[in-house]
Amino acid sequence: GTIYSQWMLGGDNTSNNVYNINDGTSNNVIRNRYNSAGTGNDNAVIIGGINQATFTATNQITLYSSYKNAMAYKQDDFARSANGLLLTDTSGNIPTVTQINLGCSPAGIEQLNGWIQSIKYYPTRLPNGTLQGITA
């Protein structure tokens, strides 16, 4: 599958979830967030608390600027494009998930202080070139 998000940070910049697709816990997730280190936009796929694929763009997020992110996942084939910058990973599994939290983690914490402008789900893993095109 592929998940596209466009969002804007409006304040506090620590651990803000844009989306968190999970099984009701933080142990099995597919997520997009501004990471807790305050260093950039983070995507991760996690099973049983173990990272399967993690992508972090080490750039400060500017308040009130729009960011585009696309995360594509398939068994042993992950990619993430943020504002046109592509990162890939060729190993890892996909978690079993049952719900999506928008703007927070499964526990309702790490709340986004900003705006989600768009979230789109594609039931297939889009090609890397397409990921870059929709986030440029």
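**Salt bridges, strands and cores**

Guide: R125 and D77 form a salt bridge, with the closest N and O atoms 3.1 Å apart. A salt bridge here is a side-chain nitrogen of Lys or Arg within 4 Å of a carboxyl oxygen of Asp or Glu. This is a predicted model, so local features need pLDDT of at least 70, side-chain atom pairs count only at pLDDT 80 or more, and totals for chains, interfaces and linings use all residues. Residues are numbered from 1 along each chain as its sequence is written, and side-chain values use heavy atoms, with hydrogens and water left out.

Visitor: Which parts does the R125 and D77 pair tie together?

Guide: R125 lies in the loop between β10 and α1 (128-135), and D77 in strand β7, so the pair ties together parts that are 48 residues apart in sequence. Helices (H or I, at least four residues) and strands (E, at least two) are DSSP runs, numbered from the N terminus.

Visitor: Is R125 buried or exposed? What about D77?

Guide: R125 counts as buried, at 17% relative accessibility. D77 is partly exposed, with a relative accessible area of 27%. Buried means under 20% relative accessible area, exposed over 50%, and partly exposed in between (1.4 Å probe, protein chains only).

Visitor: What else does D42 pair with?

Guide: R33, with the closest N and O atoms 3.8 Å apart. Both D42 and R33 are buried. D42 is at 5% relative accessibility, and R31 is buried too, at 14%. R31, R33, D42 and E110 are linked in a network of salt bridges.

Visitor: OK, strands. What does β2 pair with?

Guide: β2 pairs with strand β3 (residues 29-34) in the antiparallel sense, over six bridges. Four bridges join β2 to strand β9 (residues 99-102), also antiparallel. Two strands pair if DSSP finds at least two bridges between them.

Visitor: Which residues face each other there?

Guide: N20 has R31 in β3 as its bridge partner. N22 stands opposite Q99 in β9.

Visitor: Is β2 covered or open?

Guide: Mostly covered. In β2 (residues 16-22), seven of its seven residues are buried.

Visitor: Switching to the core. Which members touch the most others?

Guide: W7, I30, M71 and F78, out of the 17 residues in the largest nonpolar core. At least two residues of this core come from each of β1 (2-9), β2, β3, β5 (50-57) and β6 (66-74). A nonpolar core is a set of buried Ala, Val, Leu, Ile, Met, Phe, Trp, Tyr and Cys residues joined through side-chain atoms within 4.5 Å.

Visitor: What does I30 touch?

Guide: Its contacts (heavy atoms within 4.5 Å) include I3, Y19, I21, M71 and P95, not counting residues up to four places away in sequence. A second, separate core of five residues includes A70, A72, A79 and L131.

Visitor: Which residues form the nonpolar patch on the surface?

Guide: I100, L102, I116 and I119, with about 310 Å² of accessible area together. β9 and β10 (114-122) each supply at least two of the patch residues. I100 is in strand β9 and counts as partly exposed, at 44% relative accessibility. Patch residues have over 30% relative accessible area and no salt bridge; like charges are joined within 9 Å, and nonpolar side chains (Val, Leu, Ile, Met, Phe, Trp, Tyr) within 5 Å. Accessible areas come from the Shrake-Rupley method with a 1.4 Å probe; for residues, only the protein chains shown count as cover.

Visitor: What about S118: buried or exposed?

Guide: Buried, at 17% relative accessibility. S118 lies in strand β10. Leaving aside neighbours within four places in sequence, S118 is in contact with Y4, S5 and Q6.
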